[in-house]
Amino acid sequence: MVPWIVLQLADSAFPIGGFAHSAGLEALVQARALGELEPFCRALIDQQAHGALPLAAAAWDAPDRLAELDARARAILWSHVAARASRAQGRALLDVAARAFGGDALADARQRCVRGELDGHLAPAFGFVTRVLGVARDDALASLLHLTVRGALSAAVRLGVVGPTEAQAMHLRLHPALAAALARGAALGVDDIAQTAPLIELFQATHDQLYSRLFQS
């Protein structure tokens, strides 16, 4: 059966604000430090596998640990820019899911964000929401990886780094890297979380200092 809810969550029409963020790409472009786009995307995929997927998987495995995993995300996201982007997208996800899909669990998580009991970081929120909605574990983690790459390539197109057709060709070339990252990240626990792309995060942390900017991160 086609996992319709997965397609809905991954669709650009689902308003969690991912297209407002570039994951550090804009700062790299303005610093003339990007090099080639495809290696950047591969580094970003690897970082998601080691940083975000363990949190999402843990929240999917044990939705009752959402607060604990949200606090873990707060502790490991040292960059204020990356943390802000994570909170903005995670809170939007919880808000839209609660209002669009209903259910006590989603409504309660949304209210906990409103009350300040949760930061609402994206990775644990994504694992939590997909588990509540009945999405299979691997489908949930694959969707999170897909959203990361789709957002980065969309940002690259809008920044003029690559054209839309080449972006789609590149996305296809990245499928093996996505599959490998999914297999790797799905097996990691929260104690295995690591930062594998520190330069991307360092450049992203300078985003607020850019003279002009198109994205929020």
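The structure is a predicted model in which local features require pLDDT of at least 70 and side-chain atom pairs count only at pLDDT 80 or more, whereas totals for chains, interfaces and linings use all residues. Residues are numbered from 1 along each chain as its sequence is written, and side-chain values use heavy atoms, with hydrogens and water left out.

The largest pocket has a volume of about 830 Å³. On a 1 Å grid over the protein atoms alone, a pocket is an open set of points where a 1.4 Å probe fits, with protein on both sides within 12 Å along at least five of seven lines, and lining residues have an atom within 4 Å of a point. Grid points are joined across faces, edges and corners, and the volume is the space filled by probe spheres set on the points. The lining of the largest pocket comprises 38 residues, of which A23, Q48, A52, A82 and T148 lie nearest its centre. Two or more lining residues are given by each of α3 (37–51), α5 (66–76), α6 (80–101), α8 (122–132), α9 (137–158) and α12; helices are DSSP runs (H or I, at least four residues) numbered from the N terminus. Helix α9 gives the most to this lining, with six residues. By residue class, the lining divides into 22 nonpolar, 14 polar and two charged residues, where Ala, Val, Leu, Ile, Met, Phe, Trp, Tyr, Cys and Pro count as nonpolar, Asp, Glu, Lys and Arg as charged, and the others, Gly among them, as polar.

The structure holds 13 salt bridges, each defined as a side-chain nitrogen of Lys or Arg within 4 Å of a carboxyl oxygen of Asp or Glu. One of them pairs R173 with E38, the closest N and O atoms being 2.9 Å apart. Because R173 lies in helix α10 (residues 164–173) and E38 in helix α3, this pair ties together parts that are 135 residues apart in sequence. Burial is classed by relative accessible area (buried under 20%, exposed over 50%, partly exposed in between; 1.4 Å probe, protein chains only). On this scale R173 is partly exposed at 37%, while E38 is buried at 17%. Both R173 and E38 belong to a network of salt bridges that also links R42 and E166.

A further salt bridge joins R137 and D61, with the closest N and O atoms 2.9 Å apart. R137 is in helix α9 and D61 in helix α4 (residues 53–61), so the pair ties together parts that are 76 residues apart in sequence. R137 is partly exposed, with a relative accessible area of 21%, and D61 is likewise partly exposed, at 41%. The side chains of E117 and R112 also meet in a salt bridge, at 3.9 Å from N to O. The relative accessible area is 45% for E117, which is partly exposed, and 22% for R112, also partly exposed.

On the surface, W78, L199 and L202 form a nonpolar patch with about 350 Å² of accessible area together. Patches are made of residues with over 30% relative accessible area and no salt bridge, like charges being joined within 9 Å and nonpolar side chains (Val, Leu, Ile, Met, Phe, Trp, Tyr) within 5 Å. Accessible areas come from the Shrake-Rupley method with a 1.4 Å probe, and for residues only the protein chains shown count as cover. L199 is located in helix α12 (residues 198–204) and counts as exposed at 58% relative accessibility.
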